[in-house]
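Open the model in your viewer and keep the selection panel at hand. This tour goes stop by stop, with what to select and what is there.

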Amino acid sequence: RPRGHGISFHTPDPGLSPIIRIGVFACRCNDALGWLDSMTEYVDALANQEDIVHVESLNSACVPEGSSSILRTIREKGITRIVLASCVCCPLNFVCSACSDQRSRLKHAIFTGTGISRSMVETCNIRGEALRHVKKDPLKAKSSFIGLIDRSITRSKKLKMLPALARNYNFATAVIGESEAALNSAKTLAEAGLEVFLFGTSGNFVNNGLLYPNIHSFEGAVVKAISGTLGEFQLSVQTDDFEQILQVGSVILGEKSRSKVQYIHQQDLPSKTVASSMQKAGISGVPFFAPGFTSIKGLYLADPPGISVSKRKKGAAAAAIAAAIMPRGPRQSKGFTVVVNEELCRGCGRCINVCPYQAVSLYQNEIGGWHAIVDEALCNGCGNCISVCPSNAADSPYRDHAFLEQTLEEILIH
């Protein structure tokens, strides 16, 4: 396991060229659901449109021959925008409940180690939205097919770069507490080979026989406050008359320490007590947290309430999730996180108040004002900040306001 400090970064991206050269690739899905000759005629006719330099109907895009053909054509013809009409719904780097083996295989073949940026690809699911109608309603299938590809071509001309992620990580974990659950968290982490900083709640020595070379017990030290986020937490530690700041990558809190140690999201902002809220039927606005999780990514509870298992198991579970959150390789952009336009942001702070994941912070700009910045590693793309932003500074780079307005126009007018 990595130790000390490190940096996790978004894999090198070729960027998004300002020159628009569009390639349209339509996958027939092996004609498993059927295909119309008029679909082929429509795709071929697209070659006459402005900015489109290549059109092609593929028998199957997700097999090695199909994906290799796409990559070869992109490079040979200098294509800078891709319309991929297949079973793939989005080019983003995550897997949802709709993702099948074919969809994942195609995305892996197109984007992994190929130099093709996710930012330059606009996808549309013609299999699910058009081809499934071929046998029972050919006219509807053709209409849906044409509409999906037409709209995808329009959107491909407005694509923007997805945000790139680079952040520092400290691979040590702080365990604060002397309960059985907290001590078992420290033991489990140590046996997994991670560095552990162990603190008591009142400064008392809590090693309690944990003789591991990678457990560092701080006798007489009290953690006053925690600030920061995943990978770069700062612990304000008081030892007698001496106060210091220690940096760790993740934190596990015992039940007593949770009520005593304040969490400071950002300097000069009010502190808060760490809470772990579970969703309940009929109550909105509460994000989903698994047992032991809190709204602060990287900060976990050793002894979460309401769970009928032993404290030893609770502690081991907290250690497992704290170890799993640390990167083992470069982080990649998820694509659905929020970005803030600094020139539009007023620094009102509404986004901070509604963000359930502590992903938003305020920073001073060049003229002494303030603007918000979203930490992509923490943002889950819920959109709360977008909904309350009075200046439209907060937006999604993949499905932005322009996309929403275009969608409403298509639905309400056309």
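Which lysine forms a salt bridge with aspartate 303, the closest N and O atoms being 2.6 Å apart? Select Asp303 and show its side chain. The partner is lysine 311. Keep in mind throughout that this is a predicted model.

**Stop 1: the Asp303 network**

Now colour by secondary structure. Aspartate 303 sits in the loop between β15 (299-301) and α8 (311-324), while lysine 314 belongs to helix α8, so the pair ties together parts eleven residues apart in sequence. Through shared partners, the salt bridges join Asp303, Lys311 and Lys314 into one network.

Aspartate 303 is buried, at 10% relative accessible area. Lysine 314 is buried as well. Lysine 311 is partly exposed, at 37% relative accessibility.

**Stop 2: another salt bridge**

The structure holds four salt bridges. For another of them, select Arg28 and Asp31. Their side chains meet at 3.0 Å, N to O. Are these two residues buried, or partly exposed? Arginine 28 counts as partly exposed because its relative accessibility is 21%, and buried would mean under 20%. Aspartate 31 is also partly exposed, at 33%.

**Stop 3: the largest nonpolar core**

Hide the surface. Select Val24, Ile116, Phe145 and Ile149. These are the residues with the most contacts inside the largest nonpolar core, which has 44 residues. Which elements give two or more residues to this core? On the strand side, pick β2 (22-27), β3 (52-58), β4 (81-86) and β5 (121-125). On the helix side, pick α1 (37-45), α2 (64-77), α3 (101-111) and α5 (138-156).

Zoom in on Val24 and show what surrounds it. Leaving aside neighbours within four places in sequence, valine 24 is in contact with Leu46, Ile52, His54, Val55, Glu56, Val83, Ile149 and Ile153.

A second, separate core comes next. It has 43 residues, including Ala190, Leu194, Ala319 and Val360. Select those four to find it.

**Stop 4: helix α5**

Go back to α5 and view the helix from the side. The 19 residues of α5 reach 27 Å from the first C-alpha to the last, close to the 27 Å expected at 1.5 Å a residue. Which of its residues are buried? Select Ala141, Phe145, Gly147, Leu148, Ile149, Ser152, Ile153, Arg155 and Ser156. Then look down the axis. An α-helix has 3.6 residues a turn, so residues three or four places apart point the same way.

**Stop 5: a nonpolar patch on the surface**

Select Leu404, Leu408, Ile411, Leu412 and Ile413. Together they make a nonpolar surface patch of about 560 Å². Isoleucine 413 lies in the segment after α11 (401-412). Ile413 is exposed, with 61% relative accessible area.

**Last stop: the whole chain**

Zoom out and show the cartoon. The chain has eleven helices and 19 strands. Of its 414 residues, 48% are buried. The chain exposes about 20,300 Å², and carbon and sulfur atoms supply 53% of that area. Among contacts with a separation of 6 or more, 66% are between residues 24 or more positions apart.

Technical notes
Residues are numbered from 1 along each chain as its sequence is written. This is a predicted model: local features need pLDDT of at least 70, side-chain atom pairs count only at pLDDT 80 or more; totals for chains, interfaces and linings use all residues. Side-chain values use heavy atoms; hydrogens and water are left out. Patches are made of residues with over 30% relative accessible area and no salt bridge: like charges are joined within 9 Å, nonpolar side chains (Val, Leu, Ile, Met, Phe, Trp, Tyr) within 5 Å. Accessible areas come from the Shrake-Rupley method with a 1.4 Å probe; for residues, only the protein chains shown count as cover. Helices (H or I, at least four residues) and strands (E, at least two) are DSSP runs, numbered from the N terminus. Buried means under 20% relative accessible area, exposed over 50%, partly exposed in between (1.4 Å probe, protein chains only). A nonpolar core is a set of buried Ala, Val, Leu, Ile, Met, Phe, Trp, Tyr and Cys residues joined through side-chain atoms within 4.5 Å. Contact means heavy atoms within 4.5 Å. The expected span of a helix is 1.5 Å times one less than its number of residues.
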